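Here's a quick tour for anyone meeting this protein for the first time. Take a look at the sequence and the fold, then read on.

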Amino acid sequence: MAIILQDSFVGSAGNLDGRTPDVTFDALTWSSDPGDEPLELNGTGSAVSADQSAVDARGFGDLGSGGTTDHGLPTGVTTTITFVIKTGASTTLGATAYEGFGLTVEAGETTFGCSLFGPDTVDGRPWQVNEDAAGDEDAVTTPAASTEYTGTYVIEDGAQTLTFMGNTINSTVAFVNAGLGVKRISVKVGAGFKLMSILAEDNQAI
């Protein structure tokens with residue numbers, strides 16, 4: 001595999017907006033979604049939500065663009081994204097449903113996503129790992145506090161596999177346009193959680 005994006009967030013504290021990844025994604029820089037909380041580098045090698053004031057606060061960062069621009073060349077191939085997150089000092093976060101981490105990838109003009117979310121004490125909802133293309137087939141999980149977890153999300157035309165926190169979730173969504181590769185990679189990090197690194201590899205990139 002060839003690396004199409006790699007970032008380990010080593011550096012001084014500051015806004016992630018405008019940062020060039022360690023290995024660039026088609027020479028693009030990270031951007032924050034206007035109107036949403038940005039991601040910030042916390043100075044210890046991770047990206048965190050700029051707003052840490054409430055458990056439902058979360059930060060967003062994007063690489064890529066809409067339209068038909070294909071940043072992950074060549075097209076119609078398998079993309080493997082590996083991410084490392086670290087949970088907060090507490091994983092008991094009150095009565096509001098909460099997303100600790102989210103990843104969205106646009107490939108083949110189809111949007112794929114996965115997340116770690118919960119718990120919701122009002123509805124009795126536990127922590128769950130979700131792969132969006134699999135619908136409501138969420139895997140119940142129990143993350144430990146202050147612990148690093150590695151996730152792997154394999155995306156290809158007609159077959160996706162998320163392996164995360166001891167769970168494996170599969171889906172079989174076809175690309176809308178198999179002639180296009182990866183257009184955009186977005187991450188979401190909840191307050192108290194950290195994104196340590198992200199790596200995207202393309203099995204046919206040159």
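The protein exposes about 8500 Å², and carbon and sulfur atoms supply 48% of that area (accessible areas come from the Shrake-Rupley method with a 1.4 Å probe, and for residues only the protein chains shown count as cover). Keep in mind that this is a predicted model, where local features need pLDDT of at least 70, side-chain atom pairs count only at pLDDT 80 or more, and totals for chains, interfaces and linings use all residues. Residues are numbered from 1 along each chain as its sequence is written, and side-chain values use heavy atoms, with hydrogens and water left out.

**Overall build**
- You'll find 15 strands here and zero helices (both are DSSP runs numbered from the N terminus: helices are H or I, at least four residues, and strands are E, at least two).
- Of the 206 residues in the protein, 48% are buried (under 20% relative accessible area with a 1.4 Å probe, protein chains only; exposed is over 50%, and partly exposed is in between).
- Take the contacts (heavy atoms within 4.5 Å) between residues at least 6 apart in sequence: 66% of them join residues at least 24 apart.

**The core**
- The largest nonpolar core has 43 residues, and Phe83, Ile85, Leu103, Phe164, Ile185 and Leu195 touch the most other members (such a core is a set of buried Ala, Val, Leu, Ile, Met, Phe, Trp, Tyr and Cys residues joined through side-chain atoms within 4.5 Å).
- Leaving aside neighbours within four places in sequence, Leu103 is in contact with residues including Ile81, Phe83, Phe112, Tyr153, Ile185 and Ile198.

**Threonine 80**
- Thr80 sits in strand β6, residues 79-86.
- Why does threonine 80 count as buried? Because its relative accessibility is 9%.
- Not counting residues up to four places away in sequence, Thr80 touches Met1, Thr152, Tyr153, Val154, Leu199, Ala200 and Glu201.

**Aromatic rings**
- The structure holds five aromatic pairs (ring centres of Phe, Tyr and Trp, its six-membered ring, within 6.5 Å; planes under 30 degrees apart are stacked, over 60 edge-to-face, the rest tilted).
- Phe83 and Phe164 pair edge-to-face, at 5.1 Å centre to centre with 70° between the planes.
- That pair links distant parts of the chain, with Phe83 in strand β6 and Phe164 in strand β12 (residues 159-164), 81 residues apart.
- Both Phe83 and Phe164 are buried.
- Phe112 and Phe175 also pair edge-to-face, at 6.0 Å centre to centre and 65° between the planes.
- Phe112 lies in strand β8 (residues 110-117) and Phe175 in the loop between β13 (167-171) and β14 (182-190), so this pair ties together parts 63 residues apart in sequence.
- Phe83, Phe101 and Phe164 form one aromatic cluster.
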